[in-house]
Amino acid sequence: MKIITRKENMVYRELKYMQMDMNTAVSEEMLRRNLDLPEHEYHEIALNLERKGLVSRDNGKIQVENLDEEIKVMETQSEVREAELNHVEEEALRLIEEISADGAVPRYILEGHLLYGPLKLSTRRMYSIIVSLENKGLIRRTLRDDGEYYLISEPEASK
């Protein structure tokens with residue numbers, strides 16, 4: 001599932017309809033004129049859609065990559081970042097559960113899986129996710145004789 005802003009959705013949907021009508025990639029200039037967007041705003045939106053893997057751009061042509069992609073629309077870019085972080089946190093927690101032995105994961109193994117595994121996070125994003133999971137009480141760091149580990153925290157009982 002991809003999470004995009006309302007304006008990105010407007011561009012994505014228009015491109016999708018134009019591409020289905022024409023059965024080919026669409027000229028970026030024609031798309032921009034149809035949308036009546038300033039050039040700088042259009043290019044920022046198109047770049048964001050390309051980064052998210054929803055469109056591809058080549059030689060002034062743009063096309064939708066996956067017409068069946070599930071999309072969630074948010075109002076602002078900050079809401080998109082928060083929703084993406086929550087989605088990545090869920091994936092990271094699921095990954096921790098998969099690789100944990102007796103509920104504990106060595107720090108270096110967790111970091112390696114977050115960096116080079118299916119999520120392919122950047123170093124900064126990986127540490128942000130780990131800190132966020134710790135702050136939310138979903139995992140906790142512990143020190144053992146053979147190094148640092150992360151433990152999956154048990155949900156607290158209702159009081």
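Q: What pLDDT does the chain average?
A: This is a predicted model. The chain averages a pLDDT of 85. Of the residues, 96% score at least 70.

Q: Where is confidence lowest, and where is it highest?
A: Lowest in helix H4, residues 77–99, at a mean of 82. Highest in helix H5, residues 107–116, at 92.

Q: Which elements give two or more residues to its lining?
A: E1 and H4 do. H4 gives the most, with four residues.

Q: Which residues line the largest pocket?
A: Met1, Lys2, Ile3, Lys52, Glu84, His87, Val88, Glu91, Leu119, Leu121 and Arg125.

Q: How do the lining residues divide into nonpolar, polar and charged?
A: Five are nonpolar, one is polar and five are charged.

Q: Let's look at threonine 5. Which strand is it found in?
A: Strand E1, residues 2–5.

Q: Is threonine 5 buried or exposed, and why?
A: Buried, because its relative accessible area is 7%, and the cut-off for buried is under 20%.

Q: What does threonine 5 touch?
A: Leaving out residues up to four places away in sequence, threonine 5 touches Val73, Met74, Glu75, Thr76, Gln77 and Val80.

Q: And glutamate 79, where is that found?
A: In helix H4. Glutamate 79 is partly exposed, with a relative accessible area of 35%.

Q: How many residues apart in sequence are glutamate 79 and isoleucine 3, and what is their distance in space?
A: They are 76 residues apart in sequence. C-alpha to C-alpha, they are 9.4 Å apart in space.

Q: Leucine 31 next. Where is its place?
A: In helix H2. Leucine 31 is buried, with a relative accessible area of 0%.

Q: What does leucine 31 touch?
A: Val11, Glu14, Leu15, Met18, Val26, Tyr42 and Ile62, again without residues up to four places away in sequence.

Q: How far apart in space are leucine 31 and proline 106?
A: 50 Å, C-alpha to C-alpha. In sequence, leucine 31 and proline 106 are 75 residues apart.

Q: Switching to sheets. What is the strand order in the open sheet of three strands?
A: E2-E4-E3, with antiparallel pairing. The edge strands are E2, residues 26–27, and E3, and each pairs on one side only.

Q: How many bridges link E2 and E4?
A: Two, in the antiparallel sense. Serine 27 has lysine 61 in E4 as its bridge partner.

Q: And how many between E3 and E4?
A: Four bridges, also antiparallel. Strand E3 covers residues 55–58 and strand E4 covers residues 61–64. Arginine 57 has isoleucine 62 in E4 as its bridge partner.

Q: How many residues lie between E3 and E4 in the hairpin?
A: Two. Asparagine 59 is in the turn.

Q: What is the phi of asparagine 59?
A: Positive, about 50 degrees, although asparagine 59 is not a glycine. For background, most residues other than glycine have a negative phi.

Q: Is asparagine 59 buried or exposed?
A: Exposed, with a relative accessible area of 74%.

Q: What about the phi of aspartate 36?
A: Also positive, about 55 degrees, and aspartate 36 is not a glycine. Aspartate 36 is found in the loop between helix H2, 28–35, and helix H3, 39–51.

Q: Is aspartate 36 buried or exposed, and why?
A: Exposed, because its relative accessible area is 70%, and the cut-off for exposed is over 50%.

Q: Back to strands. How many bridges join E6 to E8?
A: Three, and the two strands run antiparallel. Strand E6 is residues 104–106 and strand E8 is residues 147–152. Alanine 104 has leucine 151 in E8 as its bridge partner.

Q: And how many bridges for E7 with E8?
A: Six, in the antiparallel sense, with strand E7 at residues 139–144. Arginine 141 has tyrosine 150 in E8 as its bridge partner.

Q: What joins E7 to E8?
A: A hairpin, through two residues.

Terms used
Residues are numbered from 1 along each chain as its sequence is written. This is a predicted model: local features need pLDDT of at least 70, side-chain atom pairs count only at pLDDT 80 or more; totals for chains, interfaces and linings use all residues. Side-chain values use heavy atoms; hydrogens and water are left out. pLDDT is the predictor's confidence in each residue, from 0 to 100. Buried means under 20% relative accessible area, exposed over 50%, partly exposed in between (1.4 Å probe, protein chains only). Contact means heavy atoms within 4.5 Å. Two strands pair if DSSP finds at least two bridges between them. On a 1 Å grid over the protein atoms alone, a cavity is a set of points where a 1.4 Å probe fits but cannot get out, and a pocket is an open set with protein on both sides within 12 Å along at least five of seven lines; lining residues have an atom within 4 Å of a point. Ala, Val, Leu, Ile, Met, Phe, Trp, Tyr, Cys and Pro count as nonpolar, Asp, Glu, Lys and Arg as charged, and the others, Gly among them, as polar.
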